[in-house]
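Reader: I would like to know what stands behind the terms used for this model. Please take them one at a time.

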Amino acid sequence: MRLHKVVTIAKRDYITTVRTKAFVFGLVVAPVLFGGGSIAMSFLKGKPDLKDRHVAVIDHTGVVANALVSAVREKNDRELFDKKTHQQIAPRYVFEVVAPAANAEGHRAQLLALSDRVRSKELVAFLEIGKDALRPPKPSDDSDDLDLGTSKKTDPDTGVSYYTNAGGIDEIRIWLNGPIGDGARLARLAQLGIDINHNKGLVSSPRVDGMSLVERDEKTGEVHEAHKRSELEGFFVPFALAMILAMIVMVGSAPMLQSVTQDKSQRIVETLLGAASPFELMTGKVLGSVGVSVTSSVLYVIAGTVAVNALGVAGLLPLTIIPWFYVYLLTDVIMLCAFAAALGACCSTPQDAQNLAIVLLMPCIIPMFTLVTVLRQPNGVLATVMSLIPPFTPILMLLRQAMPNGVPAWQPWVGLFDVLVFAAGTVWAASRIFRVAILMQGKPPRLAEAVRWAMKG
Amino acid sequence: MDAVKITHVTRTFGNVTAVDDLSLTVPQGSIYGFIGPNGSGKTTTMRMIVNIFYPDRGEIRLFGEGRPETSTDLIGYLPEERGLYQKMTVQALLEFYGELRSGRSVKAEVATWLDRLGLANRASDKVETLSKGMSQKVQFIATVIPEPKLLILDEPFSGLDPVSAEAIRSAILELRRHGVTVILSTHDMHVAESMCDYILMIFRGGKVLDGTLSSIQDQYGEDTIRVTANGGLAAVQHLPGVEQIRDLGQVQELRLTRGADPQEVLRALVAQARVTSFSLMKPSLHDIFMRIAGPAAEEANHAIA
């Protein structure tokens with residue numbers, strides 16, 4: 001292989017790509033979305049919406065609502081004003097107790113009327129506490145499973161239903177678990193004749209803090225204490241890293257498919273093949289795409305750093321993951337760009353390339369479907385197996401490595417070995433398909449034909 | 001030393017044999033013309049010389065060497081289907097192609113060639129703004145920078161106006177004077193006759209003619225009469241010993257049957273029309289081409305089959 005030819009082709013493709021409006025627009029938009037969005041979040045965090053939030057309560061027990069009203073009053077007193085500046089920093093919650101309807105028909109009408117008040121934004125939500133909510137739950141009622149939209153229905157008599165049309169994270173619903181639980185416990189104790197109203201703290205639940213493990217420094221022998229771990233540490237950083245990697249890889253490799261198809265359909269490729277071998281041409285194009293990806297990744301990493309600093313979670317980013325991030329980025333881009341070059345060589349028109357684009361993005365899309373499972377059980381069988389399958393290794397292994405408990409030390413190295421072997425194989429097979437297909441016109445080949453070209457050249 | 005030596009080369013695509021057992025020697029410093037109907041195997045042969053396709057069988061040697069990868073550095077290749085990066089400027093495009101082939105800066109050569117082909121004032125324009133003729137000139141310059149030892153031109157004159165064609169023709173001839181070996185394919189028999197030292201005709205993947213123009217014509221002998229007579233085409237009908245008439249408008253070309261006497265033809269012609277010119281000659285390349293690949297030859301081949 002003649003290096004100067006590879007470099008000349010890579011240089012032209014790189015300069016052409018980074019000068020396009022689409023690339024510049026992508027470079028500006030992505031950091032604005034990541035960095036600017038985070039800065040905006042940070043800014044808005046200090047300027048919350050201070051409008052009063054009204055919540056209606058239908059209490060069939062007749063006792064929990066009072067405890068709730070009392071608790072929300074205490075919450076308002078505690079959180080409404082900044083203790084130093086005395087300025088309001090949080091919205092006031094106003095709970096309105098509504099008497100339950102007398103019969104089923106009236107109940108339906110009441111729910112509809114309250115729903116209309118939510119829709120008209122008079123209320124942010126309303127909740128209904130079932131008449132048997134104070135009854136101690138049966139063991140079978142208890143479930144801590146994450147509700148992912150399963151159809152399991154709560155018994156309206158024993159449970160508490162929260163009605164709202166608000167999307168996203170609803171802080172008040174999360175907060176309600178505490179005072180409703182406390183109120184229920186107080187009421188149950190009162191039914192048993194135990195009055196602890198003078199010290200309500202007796203029924204409050206202790207807070208469960210997530211902690212890291214205590215570690216011993218292998219060099220100094222010093223024992224490092226565990227530190228408190230936030231939800232962000234376990235979820236946000238790994239998720240964000242995996243998403244950034246997937247995005248850069250997709251942005252870096254997708255134009256390759258168009259570029260090769262364009263060179264082919266505009267009859268440029270034969271002139272190039274007169275001066276460079278198919279392998280040199282493909283390698284130069286892959287190298288150009290790697291350069292484009294590295295350029296955008298540097299900017300994304302800078303934007304990401306700004307974002308985590310703005311969010312005040314800079315300490316959550318494990319710096320040891322950055323070299324792995326770049327190793328996975330380079331191998332993934334090489335792998336997908338070689339694949340894109342082979343696919344592009346098989347296409348005769350831009351329409352063919354559009355039809356095959358989804359095939360190219362599969363190694364990035366399939367890991368996305370497993371993200372929830374991997375985040376919940378990062379060392380489970382599915383997560384381990386999927387992250388050792390080479391096309392999925394970069395995204396899934398990085399995700400698992402960035403999680404607080406990490407992965408067994410051997411896995412990233414085995415994964416990397418698999419990826420390197422697979423990437424080399426992809427480049428080799430792609431170059432053979434590229435050489436055969438690049439001057440062909442007409443319908444794209446069938447899979448069996450492409451495999452035959454890869455095997456026989 | 002021979003610039004190109006092709007020995008028993010065969011190349012197939014699926015069930016189609018594009019080039020069948022072809023052997024050819026191209027002397028260094030010569031101009032070799034490839035002729036043949038569309039799909040006969042000219043382009044495939046050129047692509048094999050350039051190393052874009054590999055032969056299934058046989059061997060191709062360049063300047064006495066086997067086929068090291070670096071052999072393409074010696075070749076300037078102008079493909080039949082031409083394409084240029086439309087968004088690049090003429091200067092940047094030519095520098096890119098020159099650097100790709102040579103690995104060094106070719107700024108000086110680019111300036112010289114742009115000036116020579118009358119494109120110096122378009123150097124900073126984008127390729128997409130050029131006319132077709134200008135684009136073809138740019139493509140030609142991209143092929144000859146830096147100066148190759150072997151120039152392979154697939155239909156170099158197709159689509160060019162006479163002025164542009166003349167500019168390219170004179171550039172090719174000058175390169176040959178510098179010692180560059182040229183292989184070109186053409187459908188213009190006049191180009192092949194006037195420019196080429198040697199002519200190869202490929203038909204259905206196989207070699208059917210190979211040699212100098214005169215050696216090829218000698219194979220057919222002086223069996224052609226060119227006539228101008230009052231009455232034109234009507235005057236040369238039903239002459240004895242004539243098997244085919246080609247009407248060129250003001251002139252008619254008559255092909256004699258084997259063993260026919262030209263004097264008999266002249267006598268018969270004078271008897272029925274006033275003759276202003278009558279010349280006995282070897283067949284033109286066009287005529288030879290048509291004898292091998294024309295409709296009559298096709299019919300004869302079908303009849304034999």
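**Terms and values**

Reader: What makes Arg267(A) partly exposed?

Author: Arg267(A) has 15 C-beta neighbours inside 10 Å. A residue is buried if 20 or more other C-beta atoms lie within 10 Å of its own, exposed if 12 or fewer, and partly exposed in between, with C-beta atoms placed from the backbone. Because of its 15 neighbours, Arg267(A) counts as partly exposed. The residue lies in the loop between α6 (231-265) and α7 (269-273) of chain A, and has a positive phi of about 65 degrees although it is not a glycine. Most residues other than glycine have a negative phi.

Reader: Which class does Asp21(B) fall in, and why?

Author: Asp21(B) counts as partly exposed, because it has 14 C-beta neighbours inside 10 Å. Asp21(B) also has a positive phi, about 50 degrees, without being a glycine, and sits in strand β2 (residues 16-27) of chain B. Helices (H or I, at least four residues) and strands (E, at least two) are DSSP runs, numbered from the N terminus.

Reader: How are residues and chains labelled, and which parts of the model count?

Author: Residues are numbered from 1 along each chain as its sequence is written, while chains are lettered from A and ligands numbered from 1 in the order in which they are written. The model is predicted, so local features need pLDDT of at least 70 and side-chain atom pairs count only at pLDDT 80 or more, whereas totals for chains, interfaces and linings use all residues.

Reader: What is the confidence in chain A?

Author: pLDDT is the predictor's confidence in each residue, from 0 to 100. Chain A has a mean of 81, and 87% of its residues reach 70 or more.

Reader: What is called a nonpolar core here?

Author: The term means a set of buried Ala, Val, Leu, Ile, Met, Phe, Trp, Tyr and Cys residues joined through C-beta atoms within 7 Å. The largest such core has 138 residues, and Leu245(A), Ala338(A), Ala341(A) and Leu398(A) touch the most other members. Helix α9 (residues 321-346) of chain A gives this core its largest share, 17 residues. A second, separate core of 25 residues includes Val55(A), Ala125(A), Val160(A) and Ala184(A).

Reader: How many residues of chain B are in contact with chain A?

Author: Contact means that the C-beta atoms of two residues, placed from the backbone, lie within 7 Å. By that rule, 19 residues of chain B are in contact with 15 residues of chain A. On the chain B side, α2(B) gives the most, with five residues.

Reader: Which peptide bond is cis?

Author: The bond from Ile145(B) to Pro146(B) is cis, with omega near -10 degrees. Pro146(B) is in the loop between α4 (132-144) and β6 (150-154) of chain B.
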